[in-house]
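Sequence and model go in here first.

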Amino acid sequence: MQTADRIERTPTTGAALVKQARQLFFEEGTLPSGLVNDAVWRSWQRCAGGGCRAGDTVPFNPVRGNGVAELLEINRHLIAAAGPTFLRLEQAFRGSEYGLLLTDRTGMGVAVHGPIDKCGKLLRQALRPGVDLSERSAGTNAMATAMAEERAVAILGAEHYFVQNNTFQCVAAPIFGPDGRLVGSLDITRDTPLPQFGVLSLIVDGAAAIETALFQQQRAHLTLTLHWRSDHSEQSGNAMLAFGADGEVLGASRAARRLLELADTIAGLGFGHLFRGSYAACVNAFAAHPGPQPLTLQSGLRVYARAVQAPRELVAAP
């Protein structure tokens, strides 16, 4: 599961610490370690190194011409995978003024949901499909920082690099594809103070649900989630593996790569490289019984697998 390091503080002390951190960084040129999340000042460093000035204006202009349509077409699978998650999050955040945002891996906004019309003008400009919200364009923000850090983060108020954006309150988590590579981010932003109770966990769960949906989009013969316990029923966020009809590995989530200690590439991997026994026996077991099934790793350790999509047909044993 993704985690986010936060320095425990009250809103009052938090604002004072961030103010002190900004003075140290922007006026004295020193690192404000311990005053803000390390991810924040690392982002500030990248922004400064790219020539950004904190007082600059960010126009938040979307790409021109057919750029938006082309962007949405390129990211259609990611957008489709995020649809159900947006609906669930809208229910959770009902009654609050916020915007839900999906970006691609470069930080371009590709989908926006929520009562954006209730937010301020600047936030309405920022949260539009086709707007570049990468660090190089919009400075420190939750989406860009979450993708750079490869973990969920909150960027609140003056933690944003540009003074113009210091009213934004953002929480975001990165999204990874079936091949384990970064494909985008999921974010909630508002321009009034954002209560932190549960928001970070909700966004992390939302990103995990999108990752599961991306796995399900694959033309896989069998998709499994793995866990050390047999009674673990949740699928989202688990270690996930997708197999072709011959047992070849088509996809492995980041959690699966950690659990199985896989290299960056999965090219050439098959069921037999990872588990004892045959792929046919595994498929037939799930076809007969959709509940959790024990699998033995080549190391001899036992894990429990669930089928995200039960196989439609049996496989002949070799």
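My entries on the sheet and a helix pair follow.

I'm working from a predicted model, where local features need pLDDT of at least 70, side-chain atom pairs count only at pLDDT 80 or more, and totals for chains, interfaces and linings use all residues. Residues are numbered from 1 along each chain as its sequence is written, and side-chain values use heavy atoms, with hydrogens and water left out.

I looked up the strand order and got an open sheet of five strands, 2-1-5-4-3, with antiparallel pairing (helices, H or I of at least four residues, and strands, E of at least two, are DSSP runs numbered from the N terminus; strands pair if DSSP finds at least two bridges between them). From one strand to the next, I note a twist averaging 20 degrees (angles run from 0 to 180 degrees between N-to-C directions, and axes are lines fitted to C-alpha atoms, for helices over the stretch in contact).

**Strands 3 and 4.** Strand 3 pairs with strand 4 (residues 169-176) over four bridges, antiparallel. I checked A154, and its bridge partner in strand 4 is V171.

**Helix 4.** Helix 4 packs on the sheet and touches strand 1 (99-104), strand 2, strand 4 and strand 5 (182-190) (contact means heavy atoms within 4.5 Å). The direction of helix 4 makes about 160 degrees with that of strand 1. I also have the axes of helix 4 (residues 76-92) and helix 8 (residues 199-217) coming within 8 Å and crossing at roughly 145 degrees.
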